[in-house]
Amino acid sequence: MFHLPITSLQAHFGDIDIYLFDQLLKGRIQKGMKLLDAGCSTGRNLPYLLKAGVKVHGVDLSVDAVRQVRELASELAPTLPADNFVTADLEQLPFESDKFEVILCSAVLHFARSEAHFQGMVQELWRVLQPGGMLFCRFGTTIGLAGKLEQLEGRFHRMPHGPVWFLADEALLSELEKQLTATRLEPLKTVLVEQERSMTTWVLRK
Ligand SMILES: C[S@@+](CC[C@H](N)C(=O)[O-])C[C@H]1O[C@@H](n2cnc3c(N)ncnc32)[C@H](O)[C@@H]1O
């Protein structure tokens with residue numbers, strides 16, 4: 001009987017986010033789908049998707065990150081056009097409406113510069129998502145941390161590990177869902193990282 005070596009998981013999936021891995025296990029991302037990694041950085045979440053034949057696009061504010069993610073893509077999916085990976089702010093995406101079947105936005109939205117910027121980014125991601133498509137976001141929130149964080153102005157908080165983050169709460173997410181007429185694909189799932197932060201997974205269907 002053939003046993004797949006457990007060590008091959010790392011070779012296939014690299015450092016993929018465990019909640020994104022959960023979406024793969026649920027079959028929500030398939031070969032040939034047009035997928036945008038919004039705030040892709042150097043592509044931590046992309047090796048498996050690139051190798052699996054997903055039509056990956058990426059966008060990031062950082063020119064250097066986009067250069068590196070293009071290199072990763074040219075190695076793992078040489079037929080993908082380099083200009084699938086572009087530099088832009090999520091608030092103003094250089095794509096037509098309804099383009100993508102899947103959008104990932106992992107560890108980005110808490111870097112919003114204001115509440116309007118947070119909402120602008122979510123609305124722009126929604127604009128470029130196809131009807132029926134899935135938006136998968138993971139970001140810092142106040143869920144489970146009420147009263148335990150140093151609150152600055154509005155929704156900005158000084159995080160125990162140093163930086164200032166914009167933290168949404170459940171009410172803001174529910175309000176946005178109403179505005180977007182989004183369907184939650186699963187309940188909010190939040191992980192409390194001891195003494196540090198609360199990371200919420202928000203998965204919507206358009
Ligand atoms: C912590 S990294 C996360 C990278 C990757 N998504 C992951 O999960 O590993 C955050 C990335 O978001 C990008 N970013 C932050 N704000 C952005 C914005 N408004 N528009 C586009 N990219 C942004 C940063 O340049 C950085 O590469």
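Leaving aside neighbours within four places in sequence, Arg 197 is in contact with Leu 145, Met 159, His 161, Trp 165, Val 191 and Leu 192, where contact means heavy atoms within 4.5 Å. This is a predicted model, in which local features need pLDDT of at least 70 and side-chain atom pairs count only at pLDDT 80 or more, while totals for chains, interfaces and linings use all residues. Residues are numbered from 1 along each chain as its sequence is written, and side-chain values use heavy atoms, with hydrogens and water left out.

Arg 197 belongs to strand E11, which covers residues 197-205. Helices (H or I, at least four residues) and strands (E, at least two) are DSSP runs, numbered from the N terminus. Arg 197 counts as partly exposed because its relative accessibility is 24%. Buried means under 20% relative accessible area, exposed means over 50%, and partly exposed lies in between (1.4 Å probe, protein chains only).

**The ligand site**

The ligand has 16 residues around it, of which Gly 39, Arg 44, Asp 60, Leu 90 and Ser 106 come nearest. A residue is near a molecule or strand if one of its heavy atoms lies within 4 Å of it. By class, the shell holds 8 nonpolar, 5 polar and 3 charged residues. Here Ala, Val, Leu, Ile, Met, Phe, Trp, Tyr, Cys and Pro count as nonpolar, Asp, Glu, Lys and Arg as charged, and the others, Gly among them, as polar.

In the side chain of Asp 89, an N or O atom is 3.2 Å from a nitrogen atom of the ligand. Leu 90 takes part through a backbone N or O atom, 3.0 Å from a nitrogen atom of the ligand. The ligand taken alone exposes 600 Å², and the protein buries 82% of that. Accessible areas come from the Shrake-Rupley method with a 1.4 Å probe; for residues, only the protein chains shown count as cover.

**Salt bridges**

A search of the whole structure finds 16 salt bridges, each defined as a side-chain nitrogen of Lys or Arg within 4 Å of a carboxyl oxygen of Asp or Glu. The table lists some of them.

| Pair | N to O distance |
|---|---|
| Glu 71 and Arg 67 | 3.1 Å |
| Arg 113 and Glu 91 | 4.0 Å |
| Arg 127 and Glu 124 | 2.9 Å |

Glu 71 and Arg 67 both lie in helix H4 (residues 63-76), 4 residues apart, about one turn of the helix. Glu 71 is partly exposed because its relative accessibility is 45%, and Arg 67 is partly exposed at 42%.

Arg 113 and Glu 91 form a salt bridge with closest N and O atoms 4.0 Å apart. This pair links distant parts of the chain, 22 residues apart: Arg 113 is in the loop between strand E4 (100-106) and helix H5 (115-127), and Glu 91 is in the loop between strand E3 (85-87) and E4. At 38% relative accessibility, Glu 91 is partly exposed.

Arg 127 and Glu 124 are both in helix H5, 3 residues apart, about one turn of the helix. Arg 127 is partly exposed, with a relative accessible area of 25%, whereas Glu 124 is buried, with 11%.

**Loop residues**

Most residues other than glycine have a negative phi. Asp 98, in the loop between E3 and E4, has a positive phi near 60 degrees. Asp 98 is partly exposed, at 38% relative accessibility. Thr 181 also has a positive phi, of about 50 degrees, and lies in the loop between helix H6 (170-180) and strand E9 (183-184). Is Thr 181 buried or exposed? Thr 181 is exposed, because its relative accessible area is 65%.

Asn 84 sits in the loop between H4 and E3 and counts as buried, at 8% relative accessibility. Leaving aside neighbours within four places in sequence, Asn 84 is in contact with Val 56, His 57 and Gly 58.

Key: A polar contact is a pair of N or O atoms within 3.5 Å; within protein, one must be able to donate a hydrogen and the other to accept it, and residues adjacent in sequence count only if both atoms are side-chain atoms.
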